[in-house]
Amino acid sequence: QLDLLWTRKQNVMYNLFDWPTKKHSKLIILAIANTMDLPERIMMNRVASRLVCPSTLLFRIWDSVKIVQRCVALPLVCLLILAHLFPQLFGNVVAALSGDARRCLDICRRATEICEFSGQKRRPEIVRMAHVTEAIDEMFSSPYVNAIRNASLHEQIFLKAILAEFRRAGVEEATVQQIYHHHVALCRMEGLQSPTVSEMMAICSRLGACRLLLVEASNKYLHMRVRLNLGQDDVMYALREE
């Protein structure tokens with residue numbers, strides 16, 4: 001996961017890509033990133049120069065059709081039931097939440113467990129959409145998600161700005177200044193007054209105190225680096241509910 005190995009000096013990436021260039025080296029590096037042009041976007045020249053004949057293979061995010069097709073292809077009765085009964089609705093739900101097939105399988109598994117447990121109390125039944133809905137709600141109903149739902153408007157906008165910066169940079173870490181630019185743009189789109197820099201720092205501090213963010217401990221002010229303390233899927237789910 002190349003974007004998670006990024007550091008300010010990029011020593012980790014440099015050493016990693018330098019190993020295959022050594023004499024008699026038989027090492028091949030296969031790197032995965034969330035952004036197709038990550039090397040051009042974030043790599044220093046000294047790191048990019050270590051990439052010998054790099055080739056890129058693009059894997060597109062699965063849409064609802066592909067997610068359902070993969071479910072049907074798996075030899076599990078519960079997945080067949082879910083995929084055949086709710087192909088469009090179920091596939092669209094998972095694709096909208098993350099597009100991650102692993103999350104789809106987790107929801108399938110949990111929905112089947114809920115169905116089996118409820119069947120022990122009365123007559124057995126098949127997996128229904130109510131079980132799927134309960135599994136989805138359970139999977140995304142963490143204290144962090146509830147904290148986002150109860151956050152102030154500008155705190156929620158700040159989290160949206162973080163997601164926007166992560167998508168732009170392809171790296172799951174950003175400075176407060178980079179996030180601030182997105183925050184101002186989102187406020188302009190919503191017709192809201194933008195917070196001052198001091199107010200922005202206070203927002204960041206409150207989100208850090210709630211442990212929704214991991215904030216760099218330093219006096220760099222706007223240049224402090226922040227990361228999410230939960231998955232982007234959870235943040236998008238909580239904000240989508242709003």
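This is a predicted model: local features need pLDDT of at least 70, side-chain atom pairs count only at pLDDT 80 or more; totals for chains, interfaces and linings use all residues.
Is T175 buried or exposed? Its relative accessibility is 7%, and because the cut-off for buried is under 20%, T175 counts as buried. Setting aside residues up to four places away in sequence, the partners that T175 touches are L222, H223, M224 and R225.

Stepping back to the whole chain, there are 13 helices and three strands. The chain has 242 residues, and 38% of them are buried. Of the contacts between residues at least 6 apart in sequence, 65% join residues at least 24 apart.

In soluble globular proteins, nonpolar side chains tend to be buried together. Here the largest nonpolar core has 38 residues, and within this core F158 and L159 touch the most other members. Several elements give two or more residues to the core: the helices α7, α8, α9, α10, α11, α12 and α13, along with the strand β3. Which element provides the largest share? That is α10, with six residues. The core also draws on two domains, taking at least three residues from each of domain 2 (64-140) and domain 3 (147-239).

Here are the residue ranges of the contributing elements, for finding them in the structure:

| Element | Residues |
|---|---|
| α7 | 101-121 |
| α8 | 129-140 |
| α9 | 143-149 |
| α10 | 153-169 |
| α11 | 176-190 |
| α12 | 197-209 |
| β3 | 225-228 |
| α13 | 232-241 |

F158 deserves a visit of its own. Leaving out neighbours within four places in sequence, F158 is in contact with I179, H183, M200, I203, C204, L207 and L213. There is also a second, separate core of 10 residues, whose members include L2, F17, I42 and V171.

**Where α10 meets α11**

How do these two helices pass one another? The axes of α10 and α11 come within 8 Å and cross at roughly 120°, so α10 is oblique to α11. The crossing in which α10 passes α11 is right-handed.

The residues on the α10 side are H154, I157, F158, K160, A161, I162, A164, E165 and R168. On the α11 side they meet Q178, I179, H182, H183, L186 and C187.

Technical notes: Residues are numbered from 1 along each chain as its sequence is written. Side-chain values use heavy atoms; hydrogens and water are left out. A nonpolar core is a set of buried Ala, Val, Leu, Ile, Met, Phe, Trp, Tyr and Cys residues joined through side-chain atoms within 4.5 Å. Buried means under 20% relative accessible area, exposed over 50%, partly exposed in between (1.4 Å probe, protein chains only). Helices (H or I, at least four residues) and strands (E, at least two) are DSSP runs, numbered from the N terminus. Domain bounds come from an automatic or database domain assignment. Contact means heavy atoms within 4.5 Å. Axes are lines fitted to C-alpha atoms, for helices over the stretch in contact, and angles run from 0 to 180 degrees between N-to-C directions. Angles under 35 degrees count as roughly parallel, over 145 as roughly antiparallel, 65 to 115 as roughly perpendicular and the rest as oblique. A crossing is left-handed if the near helix is turned anticlockwise from the far one by less than a right angle, and right-handed if clockwise.
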